[in-house]
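Trainee: Could we go through this model together? Please put the sequence and the structure on the screen.

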Amino acid sequence: MKMKKQLFWEDVEERSEVTPLPKVASRQMLVKWAGASGDFNPLHYEDAFADSQGVGKPIVHGQLKRAWLVQLMSDWIGEQGNLKKFSCQFRAMDYPRLMKDMFEPQEGETWWCKGKVTKKYVEGDEHCVDCDIWIENGKSEVTTRGNATVALLSRG
Amino acid sequence: MLPQEATQLIGKAGETVILEVEKGAIKKFADAIGDRNPLYWDEEYARNSRYGSIVAPPGFFGWPTKWKRAMPFFSELRQEVIDTITKAGYSRVLDGGIEFDFFQPVRAGDTLASVPRVASIQERETKSGKMILSIVETTYTNQNGDIVAKAHQTLIHR
């Protein structure tokens, strides 16, 4: 298993970019998420039900988008970093791609999880940074927005 | 004005739910996200890491040990809040987001006690009319008595 790259506090500045993470939401992913998370709201897999709720078609679970943003931060801070605080709010609906075959989604939208450092500081013995984080849909519209505080490994 | 039935709920704690953090459940959760971090999958890799064992992605707290018709972050207490505010005339419920504080890693094999509590119920005036924000705080404590995380989930009632 290859070692993951480790981020150090000293390598980060205010306004540094969090390494973007691409995601493709598919109907299959939503089914998997329903099973793995326990959120079986038919809003996320039944066309008629989604339509009756006024969203047209099944939409991506907010908590799945939240989990993507947690991965964005975990991947970026590396194994020695700690995610201390995390929040997100859902601003707009996202519609998953349909499936082409058993494994691959059809062509379509790709979502990008992104972030930016807003503050860098030392608190007690921890080397922290605060970040704005968000998800952009295929039209570069922000559909989910949040904040994260992480403690990073320091060379000091 | 907030209805009295709603303000009376502030501070109320719900039933404790015991959650099991099972290794296979962690794997499935990580797979659903598309997260291939070996800390969630690979026993040997995780054993040699700073954690010493497979850990759960932050935000995963396992499944209830007893059957419950429940969804994550959803409890009988949450339902009581929704029902009470619905009766007061706010029947549309929207997800207002979630906030976590993470204190300790959650490991495969952990048993967590989760306790929900109504943290706040507030009325807001907006351009599109009145709404109520309700926040339920859930505290997760592991088998060693350490608080591993707190979640604050906000619902918007209009």
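Mentor: To begin with a term, contact means heavy atoms within 4.5 Å. Helices (H or I, at least four residues) and strands (E, at least two) are DSSP runs, numbered from the N terminus. This is a predicted model, in which local features need pLDDT of at least 70 and side-chain atom pairs count only at pLDDT 80 or more, while totals for chains, interfaces and linings use all residues. Residues are numbered from 1 along each chain as its sequence is written, chains are lettered from A and ligands numbered from 1 in the order in which they are written, and side-chain values use heavy atoms, with hydrogens and water left out.

Trainee: How many helices and strands are there in chain A?

Mentor: Chain A has three helices and five strands, which follow the pattern β-α-α-α-β-β-β-β along the sequence. Its C-alpha trace spans about 55 × 35 × 30 Å along the principal axes. Of its 156 residues, 50% are buried, where buried means under 20% relative accessible area, exposed over 50% and partly exposed in between (1.4 Å probe, protein chains only). Of the chain A contacts between residues at least 6 apart in sequence, 66% join residues at least 24 apart.

Trainee: And H1(A), which of its residues are buried?

Mentor: The buried residues of H1(A) are A:Arg27, A:Met29, A:Leu30, A:Trp33, A:Ala34, A:Ala36 and A:Ser37. Their cover includes helices H2 (47-52) and H3 of chain A, and also helix H2 (23-33) and E2 of chain B. After H1(A) comes A:Gly38, with a positive phi near 90 degrees.

Trainee: At what angle do H1 and H3 of chain A pack?

Mentor: H1 (residues 27-37) and H3 (residues 62-77) of chain A meet at about 95 degrees, with axes 10 Å apart. H1(A) is therefore roughly perpendicular to H3(A). Axes are lines fitted to C-alpha atoms, for helices over the stretch in contact, and angles run from 0 to 180 degrees between N-to-C directions; under 35 degrees counts as roughly parallel, over 145 as roughly antiparallel, 65 to 115 as roughly perpendicular and the rest as oblique.

Trainee: Which residues make that contact?

Mentor: From H1(A) they are A:Met29, A:Leu30 and A:Trp33, and from H3(A) they are A:Gln63, A:Leu64, A:Ala67 and A:Trp68. By class, this contact has six nonpolar residues, one polar and none charged. Ala, Val, Leu, Ile, Met, Phe, Trp, Tyr, Cys and Pro count as nonpolar, Asp, Glu, Lys and Arg as charged, and the others, Gly among them, as polar.

Trainee: Staying with H3 of chain A, is A:Gln71 buried or exposed?

Mentor: A:Gln71, which is found in H3 of chain A, is buried, with a relative accessible area of 5%. Leaving aside residues up to four places away in sequence, A:Gln71 touches A:Leu21 and A:Lys23, together with B:Ile33, B:Gly34 and B:Asp35.

Trainee: Which residues do the ring pairs link into a cluster?

Mentor: The cluster consists of B:Phe61, B:Phe100, B:Phe102 and B:Tyr140. B:Phe100 is buried at 0% relative accessible area, and B:Phe102 is buried at 13%.

Trainee: Finally, what is the phi of A:Arg15?

Mentor: The phi of A:Arg15 is near 80 degrees, positive in a residue other than glycine. A:Arg15 lies in the segment before strand E1 (17-23) of chain A and is exposed, at 66%. A:Ser140 also has a positive phi, near 60 degrees; A:Ser140 is in the loop between strands E4 (126-136) and E5 (142-152) of chain A and is exposed, at 52%.

Methods: Phe/Tyr/Trp six-rings, centres within 6.5 Å; stacked < 30°, edge-to-face > 60°.
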